[in-house]
Amino acid sequence: MPSMLCYVCAERAFFGYQGWSEESGPRTPPPAVPRLVDGTCPTCGGHVGLDPRHVFWHNVHGPFSTGLPEYFELVIKVPGSEESRGSRKWGLPYR
Ligand SMILES: [Zn+2]
């Protein structure tokens, strides 16, 4: 069981996040998200945990894209759910 990420800080970090893109070159590391310590986030004081295995890369294609994604965003999904299908092939950003 991995230690839980802070849900509040994760949503904040993921909002508007754009990772790896063709223009920027190599894949960028995911943003730092604090983990709960004894059930409390050291950054915001929140208590809601997010299982890091529920965070996936999601590739975003532009309107004129022919193949490669323009960038990746980070999304929270329940593993095994219909919407998470296909996401796992990009690897897990957090463990
Ligand atoms: Zn937090």
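The pLDDT is the predictor's confidence in each residue, on a scale from 0 to 100. For the protein chain the mean pLDDT is 84, with 89% of the residues at 70 or more. The structure is a predicted model, in which local features need pLDDT of at least 70, side-chain atom pairs count only at pLDDT 80 or more, and totals for chains, interfaces and linings use all residues. Residues are numbered from 1 along each chain as its sequence is written.

The protein chain contains one helix and four strands, where helices (H or I, at least four residues) and strands (E, at least two) are DSSP runs numbered from the N terminus. The order of these elements from the N terminus is β-α-β-β-β. Mean pLDDT among the elements is highest for E1, at 98, and lowest for strand E3 (residues 55-60), at 85. Where pLDDT is low, predicted coordinates should not be read in detail.

A residue is classed as buried if 20 or more other C-beta atoms lie within 10 Å of its own, as exposed if 12 or fewer do, and as partly exposed in between, with C-beta atoms placed from the backbone. Of the 95 residues of the protein chain, 16% are buried. Two residues are in contact if their C-beta atoms, placed from the backbone, lie within 7 Å. Among contacts with a separation of 6 or more, 64% join residues 24 or more positions apart.

In helix H1 (residues 7-14), the residues Tyr7, Cys9 and Ala10 are buried. Viewed down the axis of H1, its buried residues fall within an arc of 160°, so they line one face of the helix; the arc is that of the directions from the helix axis to the C-beta atoms. The cover over the buried residues of H1 includes strand E1 (5-6) and strand E2 (49-50). Gly16, which follows H1, has a positive phi, near 75°.
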